[in-house]
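Open your viewer and show the model as a cartoon. We will go step by step, selecting one thing at a time.

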Amino acid sequence: MNRAFAFSSRNIRELLRDPLGYIFCIGFPLIMLVIMTVLDQSIPKEAVTVFHIEKLAPGVAVFGQMFVMLFTSLNISTDRSGTFLMRLYATPMTASDLTVGYVLPMLIVAVIQCLITFVTAFIISLIIGSTLSIAGMLASMLTLIPSALMFIGFGLIFGVLFNEKSAPGLCSIIISLGGFFGGIWFDAESTGGMMLKMCRFMPFFYCTRSARAAMSLDFTAKGFFIPLLVVAGCAAVLISLGCFTFSKKMKADLG
Amino acid sequence: MLAVETKGLTKRYKDLTAVDGLDLSVEQGELFSLLGVNGAGKTTTIRMLCCLSDPTEGEAYVMGKSCTSEKTEVKSLIGISPQDTAVSNRLTVKENLMFMCRVYGFDRKKSEERTAELIETFGMQKVENSRAKTLSGGWKRKLSIAMALIGEPKVLFLDEPTLGLDVLARRELWRTIESLKGKITIILTTHYMEEAEQLSDRIAIMIEGKTAALGTLSEIEKISGETGLENAFVAIAEGRMHK
């Protein structure tokens with residue numbers, strides 16, 4: 001595992017020194033948090049929207065995780081496009097060391113991003129006079145860990161299968177789909193019909209739903225545990241698939 | 001024990017035979033050059049010797065260990081500086097070296113010692129805290145070679161180390177490579193004749209995946225009947241060899 005940690009440490013440094021990482025992984029979600037709060041303050045109080053801060057914060061946290069996916073794919077596809085990985089293939093490092101080395105730093109970034117999002121949301125809630133529950137925020141942050149792994153899994157697969165030009169493009173599709181069908185920017189459950197069926201077909205919907213349920217400390221099976229289970233299942237499948245794909249690709253590269 | 005040995009080493013990709021029945025023996029401490037035009041099979045040979053590609057036929061050994069059945073052992077005996085610089089761009093020179101130390105399982109104390117040693121050997125003190133992406137091509141190549149030496153390899157593979165460098169950076173890198181001669185076995189691939197001429201103990205000229213000529217510079221000149229490696233190479237490549 002020491003080699004995996006060494007590689008994680010290298011990847012964290014690479015990420016922290018990339019200004020784009022700050023813009024996309026932290027700046028953009030925070031801007032959305034502020035803009036949507038301004039929007040929420042501009043519409044009648046009685047209107048049912050997802051822009052009230054207690055619903056907005058978990059949604060934006062999920063939105064931010066999609067950019068972690070983008071950076072995971074970019075990090076891996078860029079390494080693959082050069083000969084840096086080839087150098088590492090010729091050392092005692094294994095496919096597991098490399099995969100853990102990619103996943104672990106992204107998970108740390110996702111947790112930090114989530115923390116910053118919720119702290120900012122808490123400050124905003126104090127300003128607008130609707131204080132967020134600290135217990136709810138902590139529960140929501142923990143609930144978002146499987147969701148982070150799910151998006152990292154997507155990033156891992158795209159980064160392994162596609163080059164540094166195609167992978168971000170595919171991630172943009174997931175970001176659009178996730179934003180739309182995840183019910184981040186509208187109340188998916190109030191839509192009904194085909195729209196709701198499509199939302200329920202996508203894992204993103206369950207990420208937002210479980211995080212919002214945790215935020216309101218609603219730990220019912222329907223509102224929290226079942227969506228969380230769906231997200232955890234998707235995360236397990238995608239991470240496993242990502243590891244398998246990485247290992248297969250490494251063997252193909254060495255063939 | 002030979003540092004590197006290949007017996008009938010062959011690599012085929014569908015219809016293309018990249019390396020065709022290569023037989024090589026490289027002594028320990030030797031600087032051995034694989035010379036050839038693009039597509040001659042030099043990099044494919046290096047890849048097989050570094051366990052990065054499995055041969056279709058034949059065998060390859062590094063310090064007596066098989067490159068197909070004893071990969072872990074071989075990987076601990078070799079270092080490679082690939083064609084591209086293969087450094088981590090946002091890490092400093094020192095961080096790149098420390099990272100490779102950890103890859104080879106060194107503890108913190110040994111990592112710091114080894115990093116300091118290589119920074120001194122390669123004269124990188126003034127750039128040790130510079131990020132790799134800000135370095136010139138020459139410094140990047142030096143860093144790449146230093147990274148390949150971290151694990152104290154018995155055999156160092158340098159794949160076209162001076163490709164794309166200006167003449168001054170190339171000469172500087174030659175001096176670096178020359179300083180390693182005798183201390184370690186070096187397998188160098190290049191298509192720069194003067195590089196092979198300047199640095200090598202022995203040279204193998206590869207044409208279409210096969211060894212067309214092998215020996216010291218004077219032996220190759222004798223085989224070709226020409227003076228100078230470039231003339232000898234052209235004669236051999238065009239099949240105008242003296243029997």
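In which order do the four strands of the open sheet in chain B lie? Select them and read across: S2-S1-S4-S5, with antiparallel pairing. Keep in mind that this is a predicted model.

**Stop 1: the edges**

Now colour S2 (16-26) and S5 (65-66) of chain B. Both stand at the edges of the sheet. Each has a single partner strand, so one side of each is left without a neighbour in the sheet.

Next, select helix H1 of chain B, residues 42-49. H1 packs on the sheet and touches S1 (4-13), S2 and S4 of chain B. Look along H1 and then along S1(B): their directions make about 115°.

**Stop 2: inside the sheet**

Select S1(B) and S4(B) together. They run antiparallel, joined by five bridges. Zoom in on B:Val4 in this pair; its bridge partner in S4(B) is B:Val62.

Stay on B:Val62. B:Val62 also has a bridge partner in S5(B), namely B:Lys65. S4 covers residues 57-62 of chain B, and its antiparallel pairing with S5(B) rests on two bridges.

What do S4(B) and S5(B) form, and how many residues lie between them? They form a hairpin, with two residues between the strands. Click on B:Met63 in the turn: its phi is positive, about 50°.

**Stop 3: where the chains meet**

Zoom out and show chain A beside chain B. Here, 32 residues of chain B are in contact with 24 residues of chain A. The two chains bury about 2500 Å² between them, and 56% of that lies on carbon and sulfur atoms.

Which three residues supply more of the area that chain B buries against chain A than any other three? Select B:Leu52, B:Arg90 and B:Phe99: together they supply 24% of it.

Now colour S6 (78-81), H3 (93-103) and H5 (137-149) of chain B. These are the elements that give two or more residues to the side of chain B touching chain A. H3(B) provides the largest share, five residues.

Finish by colouring that side of chain B by residue type. Expect 15 nonpolar, eight polar and nine charged residues.

Definitions and conventions
Residues are numbered from 1 along each chain as its sequence is written. Chains are lettered from A and ligands numbered from 1 in the order in which they are written. This is a predicted model: local features need pLDDT of at least 70, side-chain atom pairs count only at pLDDT 80 or more; totals for chains, interfaces and linings use all residues. Side-chain values use heavy atoms; hydrogens and water are left out. Two strands pair if DSSP finds at least two bridges between them. Contact means heavy atoms within 4.5 Å. Axes are lines fitted to C-alpha atoms, for helices over the stretch in contact, and angles run from 0 to 180 degrees between N-to-C directions. Buried area is the accessible area (1.4 Å probe) that two parts lose on being put together, summed over both. Ala, Val, Leu, Ile, Met, Phe, Trp, Tyr, Cys and Pro count as nonpolar, Asp, Glu, Lys and Arg as charged, and the others, Gly among them, as polar.
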